[in-house]
Amino acid sequence: MTPTDDTVACDEPDLVRILDADGTYAPSPAAEPYLDLVEKLADTDLEQFYRDMVVVRAFDQQATTLQRQGQLALWPPSFGQEAAQVGSARAARPQDHLFPSYREHVVCTIRGVDPIDIIRLMRGMTHGGWDPYDPKNGNTHIYTLVLGSHTLHATGLGMGLAFDGKSGTGDVDRDEAVMVYYGDGASSQGDVHEAMVFAASYQTPEVFFLQNNQWAISVPVSTQARVPLAQRGAGYGIPSIQLDGNDVLASYAVTRRALDEARAGEGPRAIEAVTYRMGAHTTSDDPTKYRTSDEEASWARRDPIARMRAYLRGRGASDSFFAEVDAAAAAGAEDVRERTRALGAIPVSTMFDHVYSEPHPLVEREQAWLAEYEASFEEGAR
């Protein structure tokens with residue numbers, strides 16, 4: 001199976017899919033156990049899923065433009081992965097703890113993180129971006145650029161929840177769970193496998209959410225694994241489910257069930273969301289060097305937003321609804337642009353802050369040297 005094959009991990013018999021690529025409601029056999037959760041969704045829930053995806057794509061495109069204009073050091077696009085992220089994030093309960101990797105922009109904003117805090121991080125103005133302990137950020141932990149390392153953090157927190165009796169009590173409004181996001185490339189990291197070992201051993205209330213976007217930068221998933229990545233979790237005795245990551249309803253239903261089971265004390269769960277990174281790995285990457293236009297076109301036909309839009313239209317959603325969502329997305333993107341440009345220059349002092357917990361003479365000498373060096377220029381220090 002080659003990485004340009006239209007059937008790459010998308011026609012597996014055990015794949016959970018509820019919406020076909022054209023937006024038709026056509027559950028796969030594997031989706032049957034989850035349909036009760038979909039049937040409970042109100043029209044307002046379905047419309048919120050669509051709104052989330054459209055708004056974050058506009059934000060994502062704006063951030064990419066800002067990076068090209070020199071306003072950001074780097075930007076990791078989430079273009080194409082909106083359904084996997086929106087469905088899973090909306091499936092979590094307020095008390096759950098979420099560990100994103102570094103492109104889960106809509107996961108963060110759904111939980112309450114201000115998008116400008118993500119911008120500040122990618123601009124180099126902060127080492128973390130936001131305070132995960134501030135209630136307004138919805139138990140959302142900071143981005144992790146070191147691939148896979150945060151799966152250990154998530155498992156450690158999950159162990160703590162189990163030890164402290166914060167899961168498995170039967171109180172759905174109090175019991176807590178952990179969900180950690182990572183990609184197909186990170187799934188090959190040793191940290192991920194160590195996290196799964198401890199999660200299985202200690203039966204943590206945890207969901208491993210793998211977004212298989214087909215490419216670990218320039219390495220195709222077919223090189224990384226000879227079997228579906230969901231089988232890696234199963235190898236540790238963790239119940240694992242593979243879903244269509246471009247189907248927001250499948251992502252929601254499977255994740256909701258997995259989190260409920262983990263929170264109830266049934267141990268960890270693993271999800272492989274089969275999706276596609278339509279954009280570059282980051283703005284420093286050129287995907288035309290390693291994948292074909294035919295491959296990109298085949299995945300564009302499965303676009304998660306177009307799929308959900310067609311489904312909502314079939315249910316009677318009005319033109320005014322779609323127009324309002326588009327207007328809100330454009331306004332949100334413009335707001336981010338204006339606030340980004342208002343951030344100003346990055347203070348030089350930030351490179352010296354928090355290097356050590358206490359004042360250090362070496363850092364002080366380096367800071368003094370830099371100040372003297374910059375003052376030596378005709379225009380003076382910045």
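The model is predicted. Arg93 forms a salt bridge with Asp260, with an N to O distance of 3.5 Å. This pair joins distant parts of the chain. Asp260 sits in helix α10, whereas Arg93 lies in the loop between α3 (82-91) and β1 (97-99). The two residues are 167 residues apart. Asp260 itself is partly exposed, at 24% relative accessible area.

Asp260 also pairs with Arg263 in a salt bridge, where the closest N and O atoms are 2.7 Å apart. The two residues are three apart in helix α10, so about one helical turn separates them. Arg263 is buried, with a relative accessible area of 3%. A network of salt bridges links Arg93, Asp96, Asp260 and Arg263.

Glu261 and Arg269 form another salt bridge. Their closest N and O atoms are 2.8 Å apart. Arg269 is buried, at 10% relative accessibility, whereas Glu261 is partly exposed, at 23%. Across the whole structure, the search finds 20 salt bridges.

Helix α10 covers residues 248-266. Its 19 residues should span 27 Å at 1.5 Å a residue. The end C-alpha atoms are 25 Å apart, which agrees. Asp247 caps the N-terminal end of α10. A side-chain oxygen of Asp247 lies 3.1 Å from the backbone nitrogen of Leu249. Just after the helix, Gly267 adopts a positive phi of about 95 degrees.

Note on methods
Residues are numbered from 1 along each chain as its sequence is written. This is a predicted model: local features need pLDDT of at least 70, side-chain atom pairs count only at pLDDT 80 or more; totals for chains, interfaces and linings use all residues. Side-chain values use heavy atoms; hydrogens and water are left out. Helices (H or I, at least four residues) and strands (E, at least two) are DSSP runs, numbered from the N terminus. The expected span of a helix is 1.5 Å times one less than its number of residues. A polar contact is a pair of N or O atoms within 3.5 Å; within protein, one must be able to donate a hydrogen and the other to accept it, and residues adjacent in sequence count only if both atoms are side-chain atoms. A salt bridge is a side-chain nitrogen of Lys or Arg within 4 Å of a carboxyl oxygen of Asp or Glu. Buried means under 20% relative accessible area, exposed over 50%, partly exposed in between (1.4 Å probe, protein chains only).
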